[in-house]
Amino acid sequence: MPWPYFAAPVSVSYHISNSQIDIMATHGLLALWLTAAVLAHGDHEHQKNMAGPHKSLWYNTLPGDGGTQADSVFSGISTFGRLPYLPCLFHKDIDYDIAFIGAPFDTGTSYRPGARFGPSGIRQGSRRLNLYGGYNVPLDTNPFNSWAKVIDCGDIPVTSYDNTYALHQIENGHFSILSRPPTTDATKPGPSLKGKTLPRVITLGGDHTITLPLLRSINRAYGPVTVIHFDSHLDTWKPKVFGGSPSETASINHGTYFYHAAQEGLLRNDTNIHAGIRTTLSGPSDYENDGYCGFEIVEAREIDTIGTEGIIKKIRERVGTKNPVYLSLDIDTLDPAFAPATGTPETGGWSTRELRTILRGLEGVNLVGADIVEVAPAYDTNAEHTTMAAADALFEIMSIMVKKGPLSVLDIDPPADEDTKDL
């Protein structure tokens with residue numbers, strides 16, 4: 001019961017003489033105090049504790065086209081785009097259509113560490129995504145208000161003491177999220193090896209080594225997949241070339257994981273593509289080896305001659321319309337002027353606007369999953385340039401996933417050698 005509101009000031013005078021205290025107050029004030037005390041005591045047993053944060057205080061239904069808007073995007077616990085957080089790895093009965101999951105791993109990097117803080121940094125940079133409702137104007141969709149149930153599942157527990165064990169943790173954690181029935185069309189046939197419809201998973205890295213266990217998880221569900229790889233580096237180097245391969249554990253790192261993926265049969269040959277490449281090489285043989293791994297290359301500098309439309313055209317022609325596609329985005333695709341907080345920055349990259357335009361141009365591609373990697377917030381500006389750019393890129397990726405619809409609608413060619421694996 002709320003306390004009464006006093007419209008007028010009340011004066012109380014105190015007179016102290018010897019050991020006697022005379023308190024003079026108006027009879028009206030005394031009556032109000034007594035009444036309030038009685039009412040409060042009488043209603044005490046009927047009061048209920050409020051659970052917090054109260055949903056109505058955090059999210060408002062927007063007028064016009066609807067949707068929800070977070071009132072205080074600068075406060076509260078950060079999730080991606082202020083999405084609901086649900087502990088999916090702890091509760092196996094949680095369902096969704098698109099899930100965000102973090103993989104805080106950075107002990108496979110060759111230069112600047114710090115990407116273990118990437119998941120939290122990207123979430124921090126994503127706080128404003130649905131400030132005005134989350135409607136994506138160029139793609140004419142709202143990924144926060146659609147057919148899809150989208151949630152943040154938190155992070156996969158990853159050890160920093162044993163790379164081999166950490167990669168197993170990432171693979172198994174990802175597969176746990178990937179392999180359960182989605183909210184939408186769970187009973188309809190889909191493109192997985194056993195004909196099931198599965199949810200999509202977007203992973204927040206982490207250095208780029210995490211893509212190998214993620215592809216192993218994807219392979220258990222779909223078999224070999226086509227990969228669109230945005231990066232300034234090839235990441236298909238032979239272990240002897242990149243890092244020297246002093247041990248089996250050391251041979252798997254953020255410059256060799258695609259070599260291992262090709263060797264393990266995780267990739268659909270001759271359908272994979274790099275975009276944004278501008279790295280130095282050990283020599284021309286690096287490009288020859290890259291071709292053996294099944295990749296075509298779009299150099300970053302090609303944007304000066306063929307523009308974003310030409311790059312989009314090359315990617316779409318390479319990956320086709322009948323393959324399940326996995327998209328891996330290294331934030332160092334962007335020029336350090338736009339994304340300085342990364343492990344191995346390379347100048348001469350694309351702008352944030354150019355990258356977002358290219359990502360939107362992939363609308364209609366059969367994306368079954370994605371990751372973003374190499375965001376190392378410790379090297380960012382005070383204005384959070386890199387984490388905001390990463391979050392905005394993911395906003396485009398989740399938007400094209402939502403526009404494509406549930407995976408039950410995909411028309412996908414089966415791999416040449418079907419292996420039912422786990423699904």
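Buried means under 20% relative accessible area. Keep that cut-off at hand for these exercises on a predicted model.

**Exercise 1.** Is Cys 293 buried or exposed?

*Solution.* Start with the relative accessible area of Cys 293, which is 2%. The cut-off for buried is under 20%. Cys 293 is therefore buried.

**Exercise 2.** Work out which cysteines form a disulfide, and describe the bond.

*Solution.* Step one: look for sulfur atoms within 2.5 Å of each other. Those of Cys 88 and Cys 153 are 2.1 Å apart, and this pair forms a disulfide. The structure holds one disulfide.

Step two: turn to the torsion about the S-S bond of Cys 88 and Cys 153. Its value is about -70°, so the disulfide is left-handed.

Cys 88 sits in the loop between strand S4 (68-70) and strand S5 (98-103), while Cys 153 belongs to strand S6 (residues 150-155), so the pair ties together parts 65 residues apart in sequence. Both Cys 88 and Cys 153 are buried.

**Exercise 3.** How do helices H4 and H5 cross, and which residues make the contact?

*Solution.* First, take the axes of H4 (residues 163-178) and H5 (residues 211-222): they come within 8 Å and cross at roughly 40°. Angles under 35 degrees would count as roughly parallel, and 65 to 115 as roughly perpendicular. H4 and H5 are therefore oblique to each other.

Next comes the handedness: the crossing of H4 and H5 is right-handed. On the H4 side, the contact residues include Leu 167, Ile 170 and Phe 175; on the H5 side, they include Leu 214, Ile 218 and Tyr 222.

Finally, sort the contact of H4 with H5 by class: nine residues are nonpolar, three polar and three charged.

Technical notes: Residues numbered from 1 in each chain as written. Predicted model: local features only at pLDDT ≥ 70, side-chain atom pairs only at ≥ 80, totals over all residues. Heavy atoms only, no water. Axes fitted to C-alpha atoms, helices over the stretch in contact; angles between N-to-C directions. Helix = DSSP H or I, 4+ residues; strand = E, 2+ residues; numbered from the N terminus. Parallel < 35°, antiparallel > 145°, perpendicular 65-115°, else oblique. Left-handed = near helix turned anticlockwise from the far one by under 90°. Contact = heavy atoms within 4.5 Å. Nonpolar A, V, L, I, M, F, W, Y, C, P; charged D, E, K, R; others polar. Buried < 20%, exposed > 50% of the residue type's maximum accessible area, 1.4 Å probe, protein only.
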